[in-house]
Amino acid sequence: MEVNLARLGEDSLQRLGDHPVLCYEGRWYRSGELHERACRVATGLRAIGVEPGDRVVVFMANCPEVGIVYSATWRVGAVVTPVIFLISRPELRHILADSGAAAVITSPELLDVAIDATDGRPVPIVVVGDGRSGVVDFTELERHEPSSIVERRGGDLAALLYTGGTTGRSRGVCLTHANLSHAGAASRAATHVPGVTRGISGLPLSHSFGLMVSVGGMHLPEPTTGVLLRWFDATTWLRLAAEHRSQTATMVPSTIAMLLACPLEEYDLTELRYVYSGASPLPPAVRSEWVRRVPGSMILEGYGCTETAGIATTNPPAAPRHGTVGRPVPGVRIRVVDPSGADVPTGEDGEVLISGPNVMARYWDTEQPQGEWFHTGDVGRLDADGYLTIVDRIKDLIIRGGYNIYPRDVEDVLTAHPQVAMAAVVGRPDDRLGEEVVAFVSLVPGATLTPSELVAYAKQHLAANKYPREVRILDAIPLTSVLKVDRKVLRARLS
């Protein structure tokens with residue numbers, strides 16, 4: 001597939017015309033304005049030495065300039081390297097060195113971290129809104145005249161995304177122009193509903209989910225508007241969703257749970273129809289509570305990972321199957337296999353494999369191309385109609401006394417308790433049983449539940465080998481920078 005994301009964005013503007021497209025912190029931005037700025041920034045990137053194939057690290061919280069830099073980077077034929085703003089200094093240092101970054105784009109509050117992470121290497125640092133000496137002000141890039149697009153082929157690298165690193169040093173994932181374009185097009189084909197044009201998102205644009213949604217906007221058949229949050233804040237989200245009469249929202253399970261801890265009934269969410277949830281499985285109790293309190297809306301789960309450009313399956317709005325993550329999007333195939341690599345029967349558990357034009361070219365640290373099938377490391381099952389259910393991560397499996405226990409099975413029971421807001425389950429080494437089940441929970445405001453009461457509750461609803469013998473109540477469940485449960489931190493607490 002010969003596609004250039006810069007050309008795709010330009011074609012989208014010509015097709016849909018200049019229109020209000022983005023609201024950020026009270027200001028509306030038009031598509032034509034954002035395009036014009038990207039064209040100027042592209043010339044500015046060339047002026048500071050960025051060449052085709054170079055990696056441009058984008059280290060910012062959400063803001064319009066993130067999308068501008070993405071478009072500008074693709075216009076010069078360079079490679080977007082998004083980095084979430086919550087990352088640690090050592091991890092940013094690793095990414096800058098590993099990627100061989102040619103430039104860093106950041107914001108004032110993150111500037112000192114960025115400078116420190118360069119380790120003294122002569123990497124140009126561009127800052128959005130800061131006139132400090134020794135760095136380049138973003139407005140200097142915008143003073144240049146627009147220049148033409150550097151043509152790239154579909155197989156050329158468009159983005160280098162680093163995995164979360166929750167199990168060790170993060171690894172670069174090479175996504176091509178064709179990978180991202182197909183992911184965006186397939187997502188829109190599977191989820192777009194004509195006339196549903198007003199959305200809201202607090203997802204990090206630096207995450208594969210957020211990046212895929214952004215690219216998907218280039219494939220839309222009609223003009224849309226979106227409200228963008230700098231970062232997710234439940235109260236701000238509710239106020240803006242009501243004010244802008246948002247019809248769709250992109251979220252992850254942890255942010256949905258945060259919203260449920262708020263007085264939803266005080267906000268007018270009657271226009272909200274579709275909530276797209278991804279990144280991790282959604283507990284059934286969270287889904288049912290959302291639907292009860294926000295009538296008229298539905299949660300549509302999808303599934304993907306960084307290596308698949310953020311998407312592989314989704315629930316179609318016209319035919320959702322709740323409890324699953326939907327069917328493969330157009331062009332994507334799913335297999336579920338046993339440890340020998342053989343397909344398991346319909347309805348049985350196995351490792352999920354994904355094939356399609358959205359699957360990465362390779363990992364950055366190897367020249368070996370990705371094969372036809374990507375092994376996700378997730379346990380899942382397919383039903384007779386091709387809907388996929390994700391059971392858990394293989395590496396999170398707890399083996400207690402020879403029995404396999406998936407944390408999600410226990411977490412779903414715990415979150416069904418009316419006083420539990422979130423739950424996370426991990427295994428603790430045990431000399432007698434191999435591993436013991438330990439649950440960490442956070443409670444809803446005003447809850448009085450004790451650990452012993454929750455153990456007794458779990459014992460009533462789970463098999464004898466599954467219920468947690470130990471429950472720890474936390475003020476908040478620790479999350480990674482992309483708002484997934486951080487099991488690495490929880491295991492460290494146990495040790």
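Biologist: How do you know which residue is the bridge partner of Ala424 in E25?
Modeller: The bridge partner of Ala424 in E25 is Phe440. E24 and strand E25 (residues 434-443) pair in the antiparallel sense over 10 bridges. Two strands pair if DSSP finds at least two bridges between them, so with 10 bridges E24 and E25 count as paired. Helices (H or I, at least four residues) and strands (E, at least two) are DSSP runs, numbered from the N terminus. Keep in mind that this is a predicted model, where local features need pLDDT of at least 70, side-chain atom pairs count only at pLDDT 80 or more, and totals for chains, interfaces and linings use all residues. Residues are numbered from 1 along each chain as its sequence is written, and side-chain values use heavy atoms, with hydrogens and water left out.

Biologist: What makes E24 and E26 stand at the edges?
Modeller: The open sheet has three strands in the order E24-E25-E26, with mixed pairing. Strand E24 (420-430) and strand E26 (470-473) each have a single partner strand, so one side of each is left without a neighbour in the sheet. On average, neighbouring strands here are turned by 25° against each other, direction ignored.

Biologist: Which helices pack on this sheet?
Modeller: Helix H12 (residues 407-415) touches E24 and E25, and its direction makes about 145° with that of E24. Helix H13 (residues 451-461) touches E24, E25 and E26, and makes about 130° with E26. Contact means heavy atoms within 4.5 Å.

Biologist: Why is H7 called roughly perpendicular to H8?
Modeller: Helix H7 (residues 177-191) and helix H8 (residues 208-216) pack at about 75°, with their axes 8 Å apart. That makes H7 roughly perpendicular to H8: angles under 35 degrees count as roughly parallel, over 145 as roughly antiparallel, 65 to 115 as roughly perpendicular and the rest as oblique. Axes are lines fitted to C-alpha atoms, for helices over the stretch in contact, and angles run from 0 to 180 degrees between N-to-C directions. Among the residues that meet are Leu180 and Ala183 in H7, and Leu211 and Met212 in H8.

Biologist: How do you know that E8 is mostly covered?
Modeller: Six of its six residues are buried. Buried means under 20% relative accessible area, exposed over 50%, partly exposed in between (1.4 Å probe, protein chains only). Five bridges join E8 to strand E9 (residues 172-176), and the two run antiparallel. Tyr162 stands opposite Gly172 in E9.

Biologist: Which residues of H1 are buried?
Modeller: They are Leu5, Ala6, Leu8, Glu10, Ser12, Leu13 and Leu16. These buried residues pack against helix H2 (31-47), helix H3 (64-75), strand E8 (157-162), H7 and H8.

Biologist: What makes the phi of Asp119 worth a look?
Modeller: Most residues other than glycine have a negative phi. Asp119 has a positive phi of about 55° although it is not a glycine. Arg245 also has a positive value, near 50°. Arg245 is found in the loop between H9 and E12, and at 43% relative accessible area Arg245 is partly exposed.
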